[in-house]
Amino acid sequence: MIKQLIGSIGVIALVFLLAGGCTEDSEVESGEENKPEVKFDLNPGELLITIGDEPFATYSFEDTKITRPFFANVNTPCGIQATRNFPPQPEDPQDHDTMHPGIWLSFGDINGNDYWRNKAKVEHEMFVEKPKGGPGKGTFSVRNYYMSPDGKDRVLAELVEYTILVRPSGYLLIWDSTFSSDSNKITIGDQEEMGLGIRLNTAVNVEYGEGQITNAEGMKDEEGTWGKASDWIDYSGPVDDKYIGMAIMPSPDNFRSSWYHARNYGFVAANPFGRAAMEQGEKSEVTVSEGDEFELGFGIFVYCTSTGEKLDVSDAYQDYLDLRK
């Protein structure tokens, strides 16, 4: 997963300039023509994403309180929101309001800096590839810089490629990040608060609603899934006559399988770093040499069933694996 930096990112950045709020149409793949259209609307500090003219999510990259990019107010195909309201509303639990915005990737310890708790900033530099929409598919990529706590130095660069796909049973967000630094070594530490996190709609919260956490082995809720490694983890539950959920599916190409920091209050994170923090062995440390690249990938599956019955996430996981080939 660590390979020599080929230097192409800088070239792309020099030749690309994002204009206004316009987007490009993506190429239509065979068989995709009848799928609902993925569209983007770029506003200051945020990218509004719709599917079939209905809201899907807001990608926020310049929030006043949260110092890193994230997806907020993520909706299922049936229009019921999958993530907790952002910002939390009076009917929502108010904990971690600036740390659990919806869907995010962050780290409590990179070179000693805490990005998870907003103690150092992840700065959006630019859209390396401007948003491209089309039937059943939307893409965009960005470059971020992880800054020192005083905001003066760039600790590392992150190139993120996002793909949003309409699948037969839901929406799939594919998140691929590549980290590198041409000036210093990157050291990623061992904490619970690391990796790809989601915060669920209060209605499908185990503690406050009628939800359930399930991993690929069938283990349930915080008691059965916390600290366990698994191909995927699903957080879902009934809302009215529907059944909605979100599943995190770490890429099998990642350097290590993820353990899950799963909590009954509506939060789960896929964490491949916290070996000691997740009670799975000796304290670990991931080091990326100057000039090398480090890659992490995840699929986030967002779904709704009209029957009110739980979806078999194993089928969605196999679909994700097939797409990565």
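Predicted model: local features only at pLDDT ≥ 70, side-chain atom pairs only at ≥ 80, totals over all residues.
Modeller: Local features need pLDDT of at least 70, side-chain atom pairs count only at pLDDT 80 or more, and totals for chains, interfaces and linings use all residues. Residues are numbered from 1 along each chain as its sequence is written, and side-chain values use heavy atoms, with hydrogens and water left out.

Biologist: Why is N118 called buried?

Modeller: Buried means under 20% relative accessible area, with a 1.4 Å probe and protein chains only. N118 has 16%, so N118 is buried. Its phi is near 65 degrees, a positive value in a residue other than glycine.

Biologist: Why is E279 called exposed?

Modeller: Exposed means over 50%. E279 has a relative accessible area of 64%, so E279 is exposed. Phi of E279 is near 60 degrees, also positive.

Biologist: Why point out such phi values?

Modeller: Because most residues other than glycine have a negative phi.

Biologist: Which peptide bond is cis?

Modeller: The one from F86 to P87, with omega near -10 degrees. Most peptide bonds are trans.

Biologist: What makes a space a cavity?

Modeller: On a 1 Å grid over the protein atoms alone, a cavity is a set of points where a 1.4 Å probe fits but cannot get out. Grid points are joined across faces, edges and corners, and a volume is the space filled by probe spheres set on the points. The search finds one cavity of 30 Å³ or more. The largest cavity holds about 60 Å³.

Biologist: Which residues line the largest cavity?

Modeller: Lining residues have an atom within 4 Å of a point. Among them are R68, L105, Y146 and W175.

Conventions
1 Å grid on protein atoms, 1.4 Å probe; cavity = no way out; pocket = protein on both sides within 12 Å on 5 of 7 lines; lining within 4 Å.
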